[in-house]
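Hi everyone, thanks for coming.

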Amino acid sequence: MSAMRFRTFVWPNDPESLRIRFLRKTEVTERADGLWSVRNIARMARTFEGEGVFYGENAYTNFSLLARMLYDGVAGTLILPHWENATVLLTELEVIEEPRENFLRYRFTFIEMPDC
């Protein structure tokens, strides 16, 4: 991966992992003949989850910039190399400070916003 971006934030180094979940909501019911039926309800929002490390003299600044984007609750474009751009909201952010100087391990979750 290279140059992952959300709104104005550009990752200085790409996350170590990224998981994208695709989901379709369905309802399965039993029928009298011993089989089942499936009702296709809706395509649900994709989620984008990842983790990585910020290191170096800007580690805390980079994490703080993302934290402010979570606090402000404004959706924006998530740009991922090799994947289609998505309009998302940053919904979770976690940081783990390790005993190394200027080294922060982080996790994030974005949820896709519906097309309007």
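**The helix and what surrounds it**

Let's begin with α1, whose buried residues pack against β1, β2, β6 (47–55), β8 and β9. Before I go on, please keep in mind that this is a predicted model.

Which residues of α1 are buried? They are Ala59, Asn62, Phe63, Leu66, Ala67 and Met69. These residues lie on the same side of α1, because they cover an arc of only 155° around the axis.

As for its dimensions, α1 runs over residues 59–72, which makes 14 residues. From the first C-alpha to the last, α1 reaches 21 Å, close to the 20 Å expected at 1.5 Å a residue. After α1 comes glycine 73, with a positive phi near 65°.

Most residues other than glycine have a negative phi. Which way does phi go at arginine 7, positive or negative? Arginine 7 is not a glycine, yet its phi is positive, about 50°. You will find arginine 7 in the loop between β1 (5–6) and β2 (9–10), and it is partly exposed, with a relative accessible area of 30%.

Asparagine 102 is another non-glycine residue with a positive phi, about 55°. Asparagine 102 sits in the loop between β8 (86–97) and β9 (103–112), and its relative accessible area of 24% makes it partly exposed.

**A buried aspartate**

Now please move to aspartate 14, in the loop between β2 and β3 (17–21). Aspartate 14 is buried but has no salt bridge. How far away is the nearest side chain of opposite charge? That side chain belongs to arginine 5, and it is 9.0 Å away. What the side chain of aspartate 14 does reach is backbone: the nitrogen of alanine 3 at 3.4 Å, and the nitrogen of methionine 4 at 3.3 Å.

**Salt bridges**

Elsewhere, charges do pair up: the whole structure has 12 salt bridges. Let me pick out a few.

Arginine 46 forms one with glutamate 112, and their closest N and O atoms are 2.8 Å apart. Arginine 46 lies in the loop between β5 (36–43) and β6, while glutamate 112 is in strand β9, so this pair ties together parts that are 66 residues apart in sequence. Are the two partners buried or exposed? Arginine 46 is buried, at 9% relative accessible area, and glutamate 112 counts as buried too, at 15%.

Next, arginine 107 forms a salt bridge with glutamate 94, where the closest N and O atoms are 3.7 Å apart. This pair links strand β9, which holds arginine 107, with strand β8, which holds glutamate 94, and the two residues are 13 apart. Arginine 107 is partly exposed at 39% relative accessible area, and glutamate 94 is partly exposed at 36%. There is also a network, in which salt bridges that share partners join Glu16, Glu98, Arg100 and Arg105.

Arginine 31 is partly exposed, with a relative accessible area of 38%.

Technical notes:
Residues are numbered from 1 along each chain as its sequence is written. This is a predicted model: local features need pLDDT of at least 70, side-chain atom pairs count only at pLDDT 80 or more; totals for chains, interfaces and linings use all residues. Side-chain values use heavy atoms; hydrogens and water are left out. Helices (H or I, at least four residues) and strands (E, at least two) are DSSP runs, numbered from the N terminus. Buried means under 20% relative accessible area, exposed over 50%, partly exposed in between (1.4 Å probe, protein chains only). Lys and Arg count as positive and Asp and Glu as negative; His and the chain ends are not counted. A salt bridge is a side-chain nitrogen of Lys or Arg within 4 Å of a carboxyl oxygen of Asp or Glu. A polar contact is a pair of N or O atoms within 3.5 Å; within protein, one must be able to donate a hydrogen and the other to accept it, and residues adjacent in sequence count only if both atoms are side-chain atoms. The expected span of a helix is 1.5 Å times one less than its number of residues. The arc is that of the directions from the helix axis to the C-beta atoms. Contact means heavy atoms within 4.5 Å.
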